[in-house]
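Work through the exercises below with the sequence and the coordinates at hand. Each task is followed by a solution in steps.

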Amino acid sequence: MNNIDKELLKSVADLHFTPLGSFNIRKNGESVGRNSTKEIEIITKKDKSGIDIIVKPGVKNKSVHIPVIITVGDLTDIVYNDFYIGEGADVIIVAGCGIHNPTLDDSRHDGIHAFYLEKNSKVKYIEKHLGTGKGGKILNPITKIFMKNGSEFEMETLQIGGVTYSKRDTQAVLEDNTKLLIKEKILTTEDQEAITSFDVQLKGKNSHVQVVSRSVAKENSKQSFYSNISGEAECFGHVECDGILLDKAQIISVPKVDAKCPEASLVHEAAIGKIAGEQLLKLMSLGLSHEEAENLIIKGYLS
Amino acid sequence: MLELKKVNYAVVDEKTKQEKVVLKDITLAFPENKLTVITGQNGSGKSTLIKLIMGVISPTSGKIFYNGKDITKLRLDERANLGFTIAFQQPVRFKGLTVKNLLDVASEKSNKLSDACEYLSKVGLCAKNYINRELDSTLSGGELKRIELAISLAKGGNLYLFDEPEAGIDLWSFENLVDLFKGLKGKTVIIVSHQEKILEKADYLLLIENDNYKLGTKKEILPLLKIEPKCKKLGGQNE
């Protein structure tokens, strides 16, 4: 593993060394390191590229790291990862993709992840995306989440820069007494484009979803945010889309809330605009220059 | 010493396109290392004056001097680095930035809990409960106001500007607030306030009223403060 590999792994999966517990590291379309444990098994798929991650019932306070790195150009890597979370399990899953493309051709990674949460299980899922190098860095993650009674899923996604194009598609189906929390943070610069869409079906009584999206679009970049929350029972859905716009960038927010039950409570909030003048004034009154103040506001906003 | 020479400030009314004079021909020197309270009716231009001194806005005409140097064209951040410190009337909320983040920026160091305690305890807040709180809508107006004051203490400086520091602060902590100003003895402190207790602590008062102003000692100015006209129902003359 060279320094670029190590740097990418550090950025997307906070890995400074070989992780403890279960992990699978994928580089340029191939698995280059794996540890499968009794509690969390990792099995290579036979019919297509990808792995099955099986978390046994009742496994608690364990983590799985499955980062992907790409360090070549002209590569399209499509991977199917399925996660089976046993009843009552409580785990942290760290995914993420870092692309360093030194060529002028495009490098692309499509991670198609499906999570099957059994009763009363709990998952915290962290996914970071980063791009460096000259060529195109394209990421099209698809995340499907199926939640059984009493399960909880917290998803944190962070696209921290350098990704030239991304299309994120997240779908979830929630049964009774479930909680889904999605926190998304995206920074785009130059001519980058990021599209995210959320489709959440609140099918069960007392199902909750909260989507918090914070984005910063700079220079000529463009971001689109689509959400579709449907409430089919006594449920609660809250979507909050905040965007900071600078230079000639563009942010589009298209909400859809679809209530099919009078007891469904669905809310969408969107606020897009420039950095508030009074925030800049406050930080400048503490001695920061306009540029330093702007950078600190953006850093905090995306932290 | 902070001096204003023939300072005017006017704005153009967007509807009528007429120029409205907010501050007219102000020439004065704020007594150095003393506590001066600016008072006057709502809309008399008190906050505008504070903003002009800090460099948040620029005068339409006239000049501002600090220790003999013309600072009229200095930006807000340049004045901050010169030792000017302001606590705004309405504190700002930040999504994602914590109390610690702002204390760190203000004091130019990474504050430990004990450092933060030094500033936050002076405004009646326990650092443990607040240091990692985000400056967002989860904080009440009163809490934000106290944090704003703590940040100004963390920044430090030679010239402090407080715009209605008592607004939103409950009576229980009012005495502590007064103590806070006493603790800045030896610095030039300028406070915009209507509060009698704060006026009583002043060395000097600046009364701004009806396009006029008068700076003097507390003894000289206090008798000039008019009692607001009351309506008939309250025993006054107004219909």
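## Exercise 1: A sheet in chain B

B:Leu4 stands opposite B:Leu28, a residue of β2(B). The model is predicted.

**Task.** Find how many bridges join β1(B) to β2(B) and in which direction the two strands run. Then give the order of the strands in the open sheet and state which strands stand at the edges.

**Solution.**
1. Strand β1(B) spans residues 2-12, and eight bridges join this strand to β2(B). The two run antiparallel.
2. The open sheet has four strands, ordered β2-β1-β4-β5 in chain B, with antiparallel pairing.
3. At the edges stand β2 (19-30) and β5 (69-70) of chain B; each has a single partner strand, so one side of each lacks a neighbour in the sheet.

**Task.** Determine which helix lies across β1, β2 and β4 of chain B, and its angle to β1(B).

**Solution.**
1. The helix is α1(B), residues 46-54, and β4(B) covers residues 61-66.
2. Helix α1(B) runs at about 120° to β1(B).

## Exercise 2: The buried side of a helix

**Task.** Identify the buried residues of α4(B), decide how they are placed around the axis, and name elements that cover them.

**Solution.**
1. Helix α4(B) takes in residues 113-120, and B:Ala116, B:Tyr119 and B:Leu120 are buried in this helix. A residue counts as buried with 20 or more other C-beta atoms within 10 Å of its own.
2. The arc that these residues cover around the axis is only 90°, so they lie on the same side of α4(B).
3. Their cover includes α3 (99-107), α5 (127-130) and α6 (141-155) of chain B.

## Exercise 3: The contact between the chains

**Task.** Count the residues in the contact and describe the side of chain A that touches chain B.

**Solution.**
1. Chain A gives 17 residues and chain B gives 17 residues.
2. On the chain A side, α2 (277-284) and α3 (290-301) each supply at least two residues. The largest share, six residues, is that of α2(A).
3. Sorted by class, this side of chain A holds eight nonpolar, six polar and three charged residues.

## Exercise 4: Chain B as a whole

**Task.** Compare the radius of gyration of chain B with that of a compact globule, and state what percentage of its residues is buried.

**Solution.**
1. Chain B has nine helices and ten strands.
2. For 239 residues a compact globule would have a radius of gyration near 18 Å; the value for chain B is 19 Å, which agrees.
3. Along the principal axes, the C-alpha atoms of chain B fill a box of roughly 55 × 50 × 40 Å.
4. Of the 239 residues in chain B, 38% are buried.
5. Among contacts in chain B between residues at least 6 apart in sequence, 63% link residues at least 24 apart.

Technical notes. Residues numbered from 1 in each chain as written. Chains lettered and ligands numbered in written order. Predicted model: local features only at pLDDT ≥ 70, side-chain atom pairs only at ≥ 80, totals over all residues. Pairing = 2+ DSSP bridges. Contact = placed C-beta atoms within 7 Å. Axes fitted to C-alpha atoms, helices over the stretch in contact; angles between N-to-C directions. Nonpolar A, V, L, I, M, F, W, Y, C, P; charged D, E, K, R; others polar. Buried ≥ 20, exposed ≤ 12 C-beta atoms within 10 Å, placed from the backbone. Arc of directions from axis to C-beta. Rg over C-alpha atoms; globule rule 2.2 N^0.38 Å.
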